Amino acid sequence: MFRVIMKLAWASLSRRRGRSLLVISMIAVCLWGLLSLEGLYDGMIAQMIQNATRSDSGDISIFAKGYRQNNELAELVDSAALDKFLKNDGRILSFSKRIMQSGLVATAHYARNITIYGIDLTEEQKNGRLNNYIVSGEYSFANRSKGAIIGAELASKLSAKIGSKIIISAQNMVNEVSSSALKITGILKTHTVLDKNAVFIDRQKTRDLLMVPRGITQVLVTLKNRNKDIAVIQGDLAGIDGLEVWRWDEIYPALLQSKQMNEKFNLIISFLVFCVAGLGIFGVMSVSVLERMREFGIMLALGTKFSQIGSIIMLEAFLMAIMGFGTGSVFGGATLYYLKQYGLNLAIFSKGLEAFGMDSVMRAVIRPQYFFLALAAVMLAAFVSALLPLRFLQRAKPVSLIQTI
Amino acid sequence: MAFLDIEHISKTFQNGAYQTQALADINLQISKGEFAVISGPSGSGKTTLLNIIGGLDAPTSGAIILEGEELTGLPENILAARRRDYIGFVFQAYNLLPVLTAAENIEYIMKLQGWGQEKCNLRTLEVAKKLGIANLLDKLPNQMSGGQQQRVAVARAVAAKPKLVLADEPTANLDSKSAASLMAMMRSLNEEEGITIIFSSHDPLVIAQAKLTITIKDGQVDK
């Protein structure tokens, strides 16, 4: 009997080819848009988070207790227990260490407040891939560590370029002002606050400049599986004396909110797809059932159970939904793949995007849950939209259905 | 106890403020294996009576008892099962399922009853041969003439070996030659397979084929 039900459902769809194709196209186009937007928006948020975590906060940032409130140079992390943890914990992918101090940068004509970051180039490359953010010059501190890498916006404010001389000054550990003359070897653009005020110099040079023989201000930790391990590792690290352990979303709560807002946005779009698919299928199914009232009446008269007729109608609705989903997924998946590989170039909006910490080339992400959510939305729409015509049919008597012209 | 007892059947249709009495206190007994016709002019209540016998419509009062089981008042799902298992229908307008082939239409009720494919195939061929439509089994309804479609409808009605076949004006849309041919085949099925057949008609030539004639006039049996 299932073969007959299947045949009746399929035949109904192919009898009304134009109408069926219209609904399938509607679902496909909606899905195409949904998948593309979801992937693009999630990619945008992921990019923003990546920029922040790779360049500034890591997945986890470790400071000395009280540092984030006081910003005192003397509040340094110097813990053997921490070093052991970082080296041995299998959940940690990499880490890098920074010495930080507020200071001043000056050129011949300009001066600006800055934050000096004493880093190890190799550590940063391995951990945060800071090298990827270089837009001009080299990822290098040149010979004898006399180079500096500065943020793009800072360079612009100083009217400085590669090779320009700068003087950096800061208060050292004995509360004296130390200075150093450097040349700009690289300019980076991270789309974070670093672009405005960061000057990266060699960590050992920073130690010499600030008279900090040991200890560091910040440890940036990158995890192998951020989503799974971050809270647990934060708890483990917080157990080590003298440390403050911050997750990236605690340092950048606005980013977390953006992520959460985006998730809600994706749900809203899924709901809209559900409505569009549902209304489209409902329209076609209602007409399809009304056109075949007599046929259904004959089937009921012959002894067909109402549930079997319900199966035919549901199957029709599901077939349309599946075909729409399949088509939409193919186009949506292809679009996502293209956007993931090549991105969407929004260079004409670059200034606005940079204000929000976004790159001008937006790349999409592809996640399986996009397709699962879309499938669920479309199938639910098919089910709900077939219910009303079925209810209408259920109330009618076979004899009155047979007499329908 | 007769094969089919029709006891005090009345049917009144309500249309807004108006009431129409289609049937008034019909009492009939039909024997097993009967080949009976319900005759009468248009509007006399023939179709209404057939619909009530077949459980497609409920009477205002009275009872239909088929082989000792009262059908009136049964819930719709059980009534549908009774129609599936005990009663075959032949409609005036053939009413074949348009997307199924002749063979699939004939098999339809057998499939509803859960017959296996091989058993369905054998019975379909057997009935198709008796009705002279064995060469049409893979055709769709829109590829057949009216007479051919009606024969497929008869085949569908009898294929699952029901106790009773109800045919509402089965020859109304056929030419006289096709009508005569169809009636002969139905008579033959009645005699060979022992299926009780009740049909309605107002055509004297068709009525003449029946063994038992029941005349309805103005909703009552005309004695």
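This is a predicted model: local features need pLDDT of at least 70, side-chain atom pairs count only at pLDDT 80 or more; totals for chains, interfaces and linings use all residues.
User: At what angle do H2(A) and H11(A) pack?

Analyst: Two packed helices are described by the angle between their axes and the distance between the axes. Helices (H or I, at least four residues) and strands (E, at least two) are DSSP runs, numbered from the N terminus. Axes are lines fitted to C-alpha atoms, for helices over the stretch in contact, and angles run from 0 to 180 degrees between N-to-C directions. Here helix H2 (residues 17–57) of chain A packs with helix H11 (residues 253–291) of chain A at about 180°, the axes being 10 Å apart. H2(A) is therefore roughly antiparallel to H11(A) (angles under 35 degrees count as roughly parallel, over 145 as roughly antiparallel, 65 to 115 as roughly perpendicular and the rest as oblique). The contact of H2(A) with H11(A) has 20 nonpolar, six polar and four charged residues; Ala, Val, Leu, Ile, Met, Phe, Trp, Tyr, Cys and Pro count as nonpolar, Asp, Glu, Lys and Arg as charged, and the others, Gly among them, as polar.

User: Which helix gives the most to the side of chain A that touches chain B?

Analyst: Two residues are in contact if their C-beta atoms, placed from the backbone, lie within 7 Å. The contact takes 16 residues from chain A and 18 residues from chain B. Elements giving two or more residues on the chain A side are helix H1 (2–15), helix H12 (293–301) and helix H16 (398–402) of chain A. H1(A) gives the most, with five residues. By class, that side of chain A has ten nonpolar, two polar and four charged residues.

User: How does H1(A) pack with H13(A)?

Analyst: H1(A) and helix H13 (residues 306–342) of chain A pack at about 50°, with their axes 9 Å apart, which means that H1(A) is oblique to H13(A).

User: What are the domains of chain A?

Analyst: Domain bounds come from an automatic or database domain assignment. For chain A it gives domain 1 (2–52 + 255–402) and domain 2 (66–241). Their C-alpha centres lie 49 Å apart.

User: In what sense do E2(A) and E3(A) pair, parallel or antiparallel?

Analyst: Two strands pair if DSSP finds at least two bridges between them. Strand E2 (residues 92–106) and strand E3 (residues 111–119) of chain A are antiparallel over eight bridges, and form a hairpin with four residues between them. Ser102(A) has Thr115(A) in E3(A) as its bridge partner. E3(A) also pairs with strand E8 (residues 198–202) of chain A, in the parallel sense over five bridges; there, Tyr117(A) is the bridge partner of Phe200(A).

User: In what order do the six strands of the open sheet in chain B run?

Analyst: The order is E6-E7-E8-E3-E9-E10 (chain B), with mixed pairing. Strand E6 (87–90) and strand E10 (220–221) of chain B stand at the edges with a single partner strand each, so one side of each has no neighbour in the sheet. E6(B) pairs with strand E7 (residues 164–168) of chain B in the parallel sense over four bridges, and Phe89(B) stands opposite Leu166(B) in E7(B).

Technical notes:
Residues are numbered from 1 along each chain as its sequence is written. Chains are lettered from A and ligands numbered from 1 in the order in which they are written.
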